[in-house]
Amino acid sequence: MTEQTNLSKVMAIHAEMLESNSYCYFELAYTRYTEWMVWICSNQREQDPNRKVLLRGQGSTPEEACADALANYEQEHTA
């Protein structure tokens, strides 16, 4: 059995969140300034100015961004 990637773990968290909030969305993006970023938000900013960022991370690769997001998520949920 192969080990689950960090991206797969983030997608699994998103799938779980979708069960209770069908508006929550996942995004993975790259820019020259910040490199790779991943986040999950409670709703679109245009539709909900009070939306919450539920998971976020940044890194040099998608996997690094997801690893950072998972570490942040765990830290926020164990505090």
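**Close-up views of a predicted model**

Arg56 is partly exposed, with a relative accessible area of 40%, where buried means under 20% relative accessible area, exposed means over 50%, and partly exposed lies in between (1.4 Å probe, protein chains only). The model is predicted, so local features need pLDDT of at least 70 and side-chain atom pairs count only at pLDDT 80 or more, while totals for chains, interfaces and linings use all residues. Residues are numbered from 1 along each chain as its sequence is written, and side-chain values use heavy atoms, with hydrogens and water left out.

**View 1. Arg56 and Glu76 form a salt bridge.** The closest N and O atoms of this pair are 2.9 Å apart; a salt bridge is a side-chain nitrogen of Lys or Arg within 4 Å of a carboxyl oxygen of Asp or Glu. Arg56 lies in strand 3 and Glu76 in helix 2, so the pair ties together parts that are 20 residues apart in sequence. Helices (H or I, at least four residues) and strands (E, at least two) are DSSP runs, numbered from the N terminus. Glu76 also counts as partly exposed, at 41% relative accessibility, and the structure holds one salt bridge.

**View 2. Three strands form an open sheet in the order 1-2-3, with antiparallel pairing.** Two strands pair if DSSP finds at least two bridges between them. Strand 1 (25-31) and strand 3 (53-59) stand at the edges with a single partner strand each, so one side of each is left without a neighbour in the sheet. Strand 2 (residues 35-41) pairs with strand 3 in the antiparallel sense over six bridges, and the bridge partner of Trp36 in strand 3 is Gly59.

**View 3. Helix 2 (residues 62-78) lies across strand 1, strand 2 and strand 3.** Helix 2 runs at about 140 degrees to strand 3, where axes are lines fitted to C-alpha atoms, for helices over the stretch in contact, and angles run from 0 to 180 degrees between N-to-C directions. Tyr73 is found in helix 2 and, leaving aside its neighbours within four places in sequence, is in contact (heavy atoms within 4.5 Å) with Ile13, Met17, Leu54 and Leu55.

**View 4. The largest nonpolar core has 12 residues, among them Val10, Ile13, Leu55 and Tyr73.** Such a core is a set of buried Ala, Val, Leu, Ile, Met, Phe, Trp, Tyr and Cys residues joined through side-chain atoms within 4.5 Å. Helix 2 gives the largest share of this core, five residues.
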